[in-house]
Amino acid sequence: MSAILSVSNLSKEYGQRVLFERLSFELSGEQRLAIVGPNGCGKSTLLSIISGEKEMTSGSVSLESGRSLGYLEQYQTADESYSNIHDYVLSVRSDILDMEEQLVRLEDDMRSPGALSSVMEEYHTISHKYELADGASYRSRVVGVLKGLGFEESDFDKSMARLSGGQKTRVNLARLLLMDPDVMLLDEPVNHLDLKSIEWLEGFLSSYKRAVIVVAHDRYFLDRIATDVLDLGSDRNMLYHGNYTAFVREKAERKKAYEKAYSKQQKEIKHQEEVITRLKQFNREKSIRRAESRQKKLDSMELMDAPEKERDQMRISLPCDRQSGKDVLNISGLGKSFQDHRVFSDISFLVQRGQRVALIGENGCGKTTILKIINEIIPPDEGSVKLGAGVEVAYYDQEQQNLNEEKTLFEELSDTYSGLSTTRIRNVLAAFLFKEDDAFKKISDLSGGERGRISLCKLMLLGANFLILDEPTNHLDMESKEILANALLAYSGTLLYVSHDRYFINQTADRILELSTEHGIREFLGDYDYYQTKRNELDKKSESAKASDNKNTSSKEEWIRQKEAKTLEKKRENQRIKIEEEIERLETRDEEINEAFLDESIAKDPKKLGELTSEQKLVKESLSVLYQKWEMLV
């Protein structure tokens with residue numbers, strides 16, 4: 001299949017910083033390419049260059065003649081001249097709307113006596129174009145896409161000027177999907193979508209018969225839609241075929257094979273150099289000629305670059321300084337309204353020590369509101385919130401309102417935790433990838449990912465036994481999400497969080513609370529995969545039960561409880577295995593550090609000694625937490 005988009009030897013630099021260089025790839029008509037890599041590697045910049053929004057340093061981008069391209073930026077504005085959401089989205093296909101007007105006008109002309117054949121011919125021509133554009137279904141498609149992206153019909157008349165940033169992004173995504181471009185560029189399209197809308201978008205893109213390039217940090221989403229993956233996190237900008245899981249597997253295999261080949265070449269080079277040296281030492285004409293021959297072969301060898309160094313990663317340890325009572329949080333009959341809008345009512349649930357609870361639901365159902373009520377940021381209208389004995393709460397606010405915009409990172413920590421030494425603060429900041437002069441960046445100058453990291457840093461230092469997190473993975477790249485998930489798995493306290501990241505939920509939750517206007521709170525004892533299966537079963541059973549006058553309800557509920565108990569036990573066993581693997585890894589690292597202390601060169605290097613000492617302290621703290629967690633599971 002011929003390429004409709006070609007990127008050739010593309011490079012982008014900002015001053016001395018090189019984002020990517022000599023990047024080349026082609027895209028055919030039905031490929032869905034995911035661009036992945038850590039924050040700051042240039043994913044969004046690449047989309048901007050392909051769209052023509054930004055200039056490249058060198059190279060070329062070529063779109064096949066006659067092809068169209070659509071682009072959804074990460075941060076969106078909207079044309080507020082339109083009176084409402086529906087009209088703004090409808091206007092994206094002005095060609096269809098124009099044809100509708102022409103057809104109405106021509107139908108009127110055709111009704112008049114003595115209509116010319118030319119009018120009939122024009123009518124048939126436009127009718128044919130209208131059919132090819134699927135014009136008859138366009139208005140219903142507008143409604144379907146808007147609903148799929150989480151808008152209710154009651155939202156359609158909302159003024160564009162009153163929309164939030166996330167709503168504007170969803171409106172522009174709707175316009176782009178209806179535009180039907182030959183190449184669709186999507187930068188973080190799932191950031192402002194709830195779980196239901198993400199699943200809808202996955203279905204839409206999976207059946208989209210044109211090319212898509214997408215940047216996203218949602219592993220489930222990329223597994224569902226990607227046919228190819230471009231890794232900008234590698235110095236070699238490698239292209240992989242398959243979805244994200246296939247990419248991770250193949251990347252690890254390629255890395256291992258490359259390191260093996262590089263090691264083999266280095267051994268061969270060393271061997272040849274030793275042979276050449278010995279031949280020259282013989283100092284005979286024949287041996288010298290043989291040495292020169294070997295040297296020529298060695299000089300002509302195509303040398304492999306050294307394997308890429310592992311990128312610095314966050315080092316998160318979430319200590320729990322003391323244990324709480326068994327009942328951590330008891331919510332009873334909770335209700336909240338904003339003006340005339342009833343957000344939720346009669347919400348009740350109990351969270352007990354050691355549980356990891358994910359609170360999920362559609363946008364606007366009140367998840368963040370519940371977290372704010374628990375943290376006394378806003379009051380409830382009715383009901384009660386009770387924290388148990390010895391409960392110490394640490395709250396991660398997705399809006400990061402607990403950060404002082406005027407302070408530097410160092411000041412933010414030193415003012416909040418006055419007992420910390422300068423060395424300890426610098427080491428903690430370094431663990432969250434804020435090194436050297438980064439410590440003196442102002443909060444107001446931080447990117448979204450950096451703000452998330454400093455908020456997690458403050459969370460780590462609290463040592464609380466009850467973590468309440470609102471969208472903790474927002475702005476984190478894949479690697480950082482994995483590190484956070486592992487830290488939460490090792491955490492010995494209690495966890496309640498809101499997230500739209502299904503992979504993260506699947507890794508970290510052992511209990512899911514689904515909040516909805518239809519059911520209120522529904523509880524599922526298991527991870528996200530279990531929730532998804534059980535939710536579908538329950539919905540089907542609910543429909544069946546209504547049709548049969550709710551017969552055998554009690555036996556079904558007992559079966560559900562037994563099945564959930566078995567699933568929870570299996571989940572605990574999987575958690576135990578993961579923790580044992582992490583304990584083994586950290587114990588090995590502890591031994592490696594002890595051996596490093598015996599190295600004379602390290603013993604004479606105060607900076608390296610300090611880094612190793614700090615790392616070993618974090619390792620031992622993490623092991624202590626993991627041992628406690630393991631004991632709770634055996």
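Trainee: How many helices and strands does the protein have?

Mentor: Welcome! The protein has 20 helices and 18 strands, where helices (H or I, at least four residues) and strands (E, at least two) are DSSP runs numbered from the N terminus. Please keep in mind that this is a predicted model, in which local features need pLDDT of at least 70, side-chain atom pairs count only at pLDDT 80 or more, and totals for chains, interfaces and linings use all residues. Residues are numbered from 1 along each chain as its sequence is written, and side-chain values use heavy atoms, with hydrogens and water left out.

Trainee: Why is I583 called buried?

Mentor: Buried means under 20% relative accessible area, exposed means over 50%, and partly exposed is in between (1.4 Å probe, protein chains only). I583 has a relative accessible area of 9%, so the residue counts as buried. Across the protein, 46% of the 634 residues count as buried.

Trainee: Which residues does I583 touch, leaving out those up to four places away in sequence?

Mentor: I583 touches L623, L626, Y627 and W630, with contact meaning heavy atoms within 4.5 Å. I583 sits in helix α18. The C-alpha atoms of I583 and V625 are 9.9 Å apart, although 42 residues separate the two along the chain.

Trainee: And E595, is that residue buried or exposed?

Mentor: E595 is also part of helix α18, which covers residues 553–597. Its relative accessible area is 58%, so E595 is exposed.

Trainee: What makes E581, E584, E587, E591 and E595 a patch?

Mentor: These residues gather on the surface in a patch of negative charge. A patch is made of residues with over 30% relative accessible area and no salt bridge; like charges are joined within 9 Å, and nonpolar side chains (Val, Leu, Ile, Met, Phe, Trp, Tyr) within 5 Å. Lys and Arg count as positive and Asp and Glu as negative, while His and the chain ends are not counted, so the Glu residues here count as negative.

Trainee: How do you know that R93 and D95 form a salt bridge?

Mentor: A salt bridge is a side-chain nitrogen of Lys or Arg within 4 Å of a carboxyl oxygen of Asp or Glu. For R93 and D95 the N to O distance is 2.9 Å, so the pair meets that definition. R93 is buried, at 13% relative accessible area, whereas D95 is partly exposed, at 35%. The structure holds 37 salt bridges.

Trainee: What makes R210 and D180 a salt bridge too?

Mentor: Their side chains meet with N to O at 3.3 Å, and the cut-off is 4 Å, so the pair qualifies. The pair links distant parts of the chain: R210 is in the loop between α7 (195–206) and β7 (211–215), and D180 is in the loop between α6 (165–179) and β6 (183–187), 30 residues apart. R210 has 29% relative accessibility, so R210 counts as partly exposed; D180, at 30%, is partly exposed as well. Both residues belong to a network of salt bridges that links E64, R67, D180, D182 and R210.

Trainee: Why do you say that K196 and E362 tie parts of the chain together?

Mentor: K196 forms a salt bridge with E362, their closest N and O atoms being 3.6 Å apart. K196 lies in helix α7 and E362 in the loop between β12 (356–361) and α11 (367–374), so the pair ties together parts that are 166 residues apart in sequence. K196 is exposed at 57% relative accessible area, and E362 is partly exposed at 36%.

Technical notes
Accessible areas come from the Shrake-Rupley method with a 1.4 Å probe; for residues, only the protein chains shown count as cover. The place of a charge is taken as NZ of Lys, CZ of Arg, CG of Asp or CD of Glu.
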